[in-house]
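This report goes through selected strands, a sheet, a chain contact and a helix pair. Please keep the sequence and the structure in view while reading.

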Amino acid sequence: MASIKDMTDTHNWSGQKLVTADHMLFEAPREKHFMTGSEVLKEAVKRCTVDASVSYPITPQSEAAHLIGELWAEGYVGMYFRGENEFGVMAEVAGCAMAGARTITTTSGPGTLRAMENFPQWSGTRIPCQLILMARGINSPLTIQPDNLEVTFMLETGCMIWYAENVQELFDMSIAAFIVAEKPDVHVPIVTVVDGFFVSHTRESVMLPADDIALFPYEPYKAPLPPIDSETPPGRFLRDPFVMKSNYISYATHASWQWEVRSAVERSRRYAKHFLKGLVHVTGSEDAEIAFVTCGTASHQAKEAERELMKHGIKSKVIKLRTIRPFPKEELLKELEGVKHIFVPEFNVVGWLEKEVKTALHNNHTANIVGGPRVAGGMSLPAEAILKEVFEHINVEGK
Amino acid sequence: MAIDIYKINPEFRDIMPKEIIDLEENATWAQNQKKPRGIKEMPDTKEILEEHSLCAGCPEAAALRYVLAALPKPEETIIVNSTGCTSLMFPHIALHTVHSLFGNQNAVATGIKRVLDWRFPDIEKDVVVLAGDGATVDIGLDYTLQSFFRQENITTICFDNEVYANTGGQESGATPKGQVFKMAPTGKKFEKVKMWELATTAGCHYTMNMTASAPKAVAKAVREAILVAREIGPTFLNIYTPCILEIGLSANEGLGEMKDQDKDRFASYKFVSPEAEEFLKKCKEEGKL
């Protein structure tokens with residue numbers, strides 16, 4: 001087991017050389033590997049000088065959670081155990097992060113909903129922990145299949161939400177996520193989402209830096225709130241427990257704190273822009289009149305549709321959103337210049353991303369927005385379905 | 001935390017409230033490490049709690065003072081509380097305290113304690129959970145028992161007032177059978193949950209059921225429970241702190257009610273595991289008790 005006493009100025013407790021996130025993400029030489037999303041998450045955590053992780057099994061994230069356990073046994077992660085259920089785990093994660101630890105956990109679908117009360121509490125407490133969300137169906141009858149409906153429940157929790165398309169992005173994003181979440185002017189939790197099974201269980205080639213380097217540790221004393229560790233004097237300056245009082249000061253405090261949490265998420269933009277190389281990624285024809293606005297694996301399918309459309313001589317482009325909170329409104333509007341038809345293919349029945357896009361574009365853009373195609377419950381989203389949607393709408397408009 | 005860290009910036013000294021200046025000038029935390037801090041010092045060692053915001057005559061306010069007076073190492077103690085009357089007091093306490101959600105107190109405490117052990121391997125940091133019976137016996141039962149199963153090194157104190165007091169007097173799992181409260185308009189249908197017995201079964205090394213009628217007895221139990229938790233494993237204290245409002249007593253009748261219950265529902269129950277007993281014997285020899 002690791003001991004924090006083995007940490008030096010240049011190396012962490014497992015002997016890895018400490019490097020900046022810029023070095024880790026952009027400069028360190030990389031080699032090609034072939035692995036699943038769960039396996040690549042282990043590789044990311046291994047390089048992040050992680051203090052603590054608490055786990056609980058649920059399909060399809062179990063493997064990722066137990067691989068982090070292996071890292072603990074190998075001395076890379078400081079503290080690890082299995083919690084009693086997701087509500088307990090997210091509360092334990094809160095305790096770990098409040099006590100000054102760089103903390104990560106993972107969950108999926110029903111686990112996310114069971115833990116839900118914790119997420120606004122996380123952001124309200126301003127802890128910079130990371131949740132890897134491997135999206136899975138939440139409907140009844142029981143499903144374990146991929147479906148990202150659960151993400152809609154996370155949107156207004158005050159957490160940052162990033163969405164990775166594939167195994168490579170999961171690796172890079174989960175490393176950058178710690179760094180952005182821990183910035184003193186941000187310091188809110190981050191949820192890194194991938195589509196369960198499609199990313200967690202699919203083996204892809206991925207470029208990884210060597211594993212003898214790791215991020216500098218988290219510095220809890222730079223946090224906007226002092227860590228709960230009895231190392232800084234507590235302020236007994238509160239003459240009234242205003243949190244429970246029904247008066248204007250109490251309301252104003254709660255209101256301003258909620259605004260501040262959301263402002264902190266907004267302040268993450270410039271860091272995310274740097275580490276993610278932009279909040280949106282665009283592929284396809286720059287001057288296209290058809291655009292697909294996507295996140296996650298739907299982006300991959302849309303890119304395939306874009307290539308197919310090209311064979312028909314129809315130009316299109318895919319605007320992949322890499323952050324959902326903060327929502328990349330400006331970037332999206334810029335990429336949509338000249339676009340007349342927007343399609344939002346999604347892996348859920350409600351079309352939460354379509355609603356997000358429509359909210360951002362309301363009174364700002366004149367394009368026709370089509371929420372679809374949508375699949376759910378574990379169905380795949382073939383490029384043909386996307387093409388069909390496009391042709392139906394283009395034909396309707398007589399083109 | 002170093003004691004001398006608690007220094008007022010000279011520039012602000014003239015605008016500081018009196019109790020903050022007292023905090024710096026009269027803090028006795030350092031002395032407490034040498035001899036047991038106790039009830040006797042309560043009137044003049046107010047650095048941890050001076051005022052409180054509970055109802056006049058609330059036995060919970062008195063019990064909280066006993067608990068704080070008995071902490072073996074207050075400057076290294078973190079208290080995790082839960083939603084309820086106690087959460088109203090914590091903003092007044094000069095310790096690192098956490099209110100997270102209703103019922104998750106033992107899970108939060110688990111995370112804190114484990115990370116403090118990781119970050120400060122050479123400093124003993126005590127984590128104490130202090131929550132009401134609703135938080136402990138009902139909504140947080142799972143997380144409380146699970147922390148006992150896992151043998152977390154934390155002390156759990158339940159201020160059992162046998163009712164959801166802060167929400168206006170509803171039946172809880174700790175309410176005695178037959179008692180009429182809101183949500184139990186015809187009387188509670190099942191027996192009071194014997195949380196102390198569950199705690200012992202679940203692996204606590206030091207368990208007590210008692211009232212807060214005798215301050216010294218509470219202080220002794222708190223001190224022993226924290227020392228055992230630090231070295232051996234989870235400990236649990238169930239302390240009767242009646243809600244005088246909800247059972248129709250006046251401000252000066254709380255103590256009498258607790259004394260009556262010393263012989264009834266809160267007749268002394270004490271379990272000490274053999275390891276804990278041996279450890280406490282050693283503590284006594286070393287003058288820690």
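Which residue in E8(A) is the bridge partner of Leu133(A)? The model in which this is answered is a predicted one.

## Strand E6 of chain A and its neighbours

The partner of Leu133(A) is Val193(A) in E8(A). This bridge belongs to the pairing of E6(A) with strand E8 of chain A, residues 190-195, which is parallel and has six bridges. E6(A) also pairs with strand E5 of chain A, residues 103-107, again in the parallel sense, over four bridges. In that pairing, Gln130(A) of E6(A) has Ile104(A) opposite.

Strand E6 of chain A spans residues 130-135, and six of its six residues are buried. Burial applies to both faces of the strand. One side carries Gln130(A), Ile132(A) and Met134(A), and the other carries Leu131(A), Leu133(A) and Ala135(A).

## The seven-stranded sheet of chain B

Chain B has an open sheet of seven strands with mixed pairing, in the order E2-E1-E3-E4-E6-E5-E7. Its edges are strand E2 (96-99) and strand E7 (269-272) of chain B, each of which pairs on one side only. From one strand to the next, the twist averages 15°.

Within chain B, strand E1 (residues 77-81) and strand E3 (residues 126-132) run parallel and are joined by five bridges. Ile79(B) lies opposite Val128(B) of E3(B).

## Contact between the chains

Chain A and chain B each give 35 residues to the contact. On the side of chain A that touches chain B, the elements giving two or more residues are strand E3 (52-55), helix H4 (86-98) and helix H6 (118-125) of chain A. H4(A) supplies the largest share of that side, nine residues. By class, the side of chain A that touches chain B has 18 nonpolar, eight polar and nine charged residues.

## Helices H2 and H3 of chain A

Two packed helices are described by the angle between their axes and the distance between the axes. For helix H2 (residues 37-46) and helix H3 (residues 62-73) of chain A, the angle is about 35° and the axes are 9 Å apart. The crossing of H2(A) past H3(A) is right-handed.

On the H2(A) side, the contact is made by Ser38(A), Glu39(A), Leu41(A), Lys42(A), Val45(A) and Lys46(A). These meet Glu63(A), Ala64(A), Leu67(A), Ile68(A) and Leu71(A) of H3(A). The residues of this contact comprise six nonpolar, one polar and four charged.

Key: Residues are numbered from 1 along each chain as its sequence is written. Chains are lettered from A and ligands numbered from 1 in the order in which they are written. This is a predicted model: local features need pLDDT of at least 70, side-chain atom pairs count only at pLDDT 80 or more; totals for chains, interfaces and linings use all residues. A residue is buried if 20 or more other C-beta atoms lie within 10 Å of its own, exposed if 12 or fewer, and partly exposed in between; C-beta atoms are placed from the backbone. Two strands pair if DSSP finds at least two bridges between them. Axes are lines fitted to C-alpha atoms, for helices over the stretch in contact, and angles run from 0 to 180 degrees between N-to-C directions. Two residues are in contact if their C-beta atoms, placed from the backbone, lie within 7 Å. Ala, Val, Leu, Ile, Met, Phe, Trp, Tyr, Cys and Pro count as nonpolar, Asp, Glu, Lys and Arg as charged, and the others, Gly among them, as polar. A crossing is left-handed if the near helix is turned anticlockwise from the far one by less than a right angle, and right-handed if clockwise.
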